[in-house]
Amino acid sequence: MPSPPEEETHPKNDSGSDQTSERDTNPPPPPSPQSQPPPTQTQQQSYPPVMGFPGYPQAPYQNYPNPPYNHNQYAYAQAPPASYYGSSYPPQQNPVYQTPPPSGFFRGILTGLVFIAVFLCISTTITWLVLRPQIPVFSVTNFSVSNFNLTEPVFSAQFTANLTVENPNTKLTSYFNRIQGFIYNQNAVAEEDFLAMEYFQPVYVETKKSALIGETLTAGGEGQRKVPSWVGEEMKKERDTGTVSFNLWMAVSVTFKTDGWSARERGIKVFCGKLKVAFEGGSGNGAVLLPKPLPCLVYV
């Protein structure tokens, strides 16, 4: 027995169903301006007013996020050139200041001083080679002692020294303008332990000539310094043997001269040692027995 026909499960496509499908597929048309309700006060204040040009559509204001800290932003597509900020080289942390070179004026003065110094050295050398100055020669011709007394509280004596000064130069004359003499005991050590001091008279000596100088030096006089006690004790020991030895020191200033040229003053020291005085018995008088002049040492 045939089964009854099944009812169609799908709805029939009638006019009602066609209208429904068209509403689902086609979007509704936008409402006309007359049909839109006017915006409320809240909607009008949702966006701030935007400045623009009239006649162009204006986009609503958008809130962009703030840029991060120290973010470089430029108003152009690329960064402005480096000259916009100044020099492209980084600044020096410790600038080095260079001393400007000396001016021509100071260079000229320095050059002149160097030239003068070189000229003086050359001229002095040439003069020395031409004139060949030589050191004067000193010799003791006589040395005596009188009133030699060691018993009194203050030592006293008189020393007489006579010397010969010879000028060996052939082109230079010698002028001895200052001669200071000191008498020492041979056992004296310090420079201030002298027995007597006196100045000799200045003397002028021609070329290849000699001159005599002499002076009496007094010990124990008024204004004279006191002789150290140990020096007196040493002289007493020597006096008991009959002889006492002395040294003569002289500080001399000499100037060499020639026609049209005068050398500067030069200081020299003269040492005449081993002046052994023999006394006559117990008297205080004695002299050095010199068969010939005794040469002295000269220190320049």
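Trainee: Hi! Is phenylalanine 143 buried or exposed?
Mentor: Phenylalanine 143 is buried, at a relative accessible area of 0%. Keep in mind that this is a predicted model.

Trainee: And phenylalanine 246, buried or exposed?
Mentor: Phenylalanine 246 also has 0% relative accessibility, so it counts as buried.

Trainee: How many aromatic pairs are there in the whole structure?
Mentor: A search finds 13. Phenylalanine 143 and phenylalanine 246 form one of them, a tilted pair with 6.4 Å centre to centre and 45 degrees between the planes.

Trainee: Which parts does that pair tie together?
Mentor: Phenylalanine 143 lies in strand S1 and phenylalanine 246 in strand S7, so the pair joins parts 103 residues apart in sequence.

Trainee: Which residues do ring pairs link into a cluster?
Mentor: Phe143, Phe148, Phe155, Phe159, Phe246 and Phe279.

Trainee: What about the largest nonpolar core, which residues touch the most other members?
Mentor: That core has 44 residues, and the ones with the most contacts to other members are Phe138, Phe143, Phe155, Phe159, Leu163 and Phe246. Strand S7, residues 243–258, gives the most to this core, with seven residues.

Trainee: New topic! What is the phi of asparagine 147?
Mentor: About 55 degrees, a positive value, although asparagine 147 is not a glycine. Most residues other than glycine have a negative phi. Asparagine 147 is in strand S1, and it is partly exposed, at 48% relative accessibility.

Trainee: Where is lysine 208, then?
Mentor: Lysine 208 is in the loop between strand S5 and strand S6. Its phi is positive too, near 55 degrees, and lysine 208 is exposed at 55%.

Terms used:
Residues are numbered from 1 along each chain as its sequence is written. This is a predicted model: local features need pLDDT of at least 70, side-chain atom pairs count only at pLDDT 80 or more; totals for chains, interfaces and linings use all residues. Side-chain values use heavy atoms; hydrogens and water are left out. A nonpolar core is a set of buried Ala, Val, Leu, Ile, Met, Phe, Trp, Tyr and Cys residues joined through side-chain atoms within 4.5 Å. Buried means under 20% relative accessible area, exposed over 50%, partly exposed in between (1.4 Å probe, protein chains only). Helices (H or I, at least four residues) and strands (E, at least two) are DSSP runs, numbered from the N terminus. Rings of Phe, Tyr and Trp (its six-membered ring) pair if their centres lie within 6.5 Å; planes under 30 degrees apart count as stacked, over 60 as edge-to-face and the rest as tilted.
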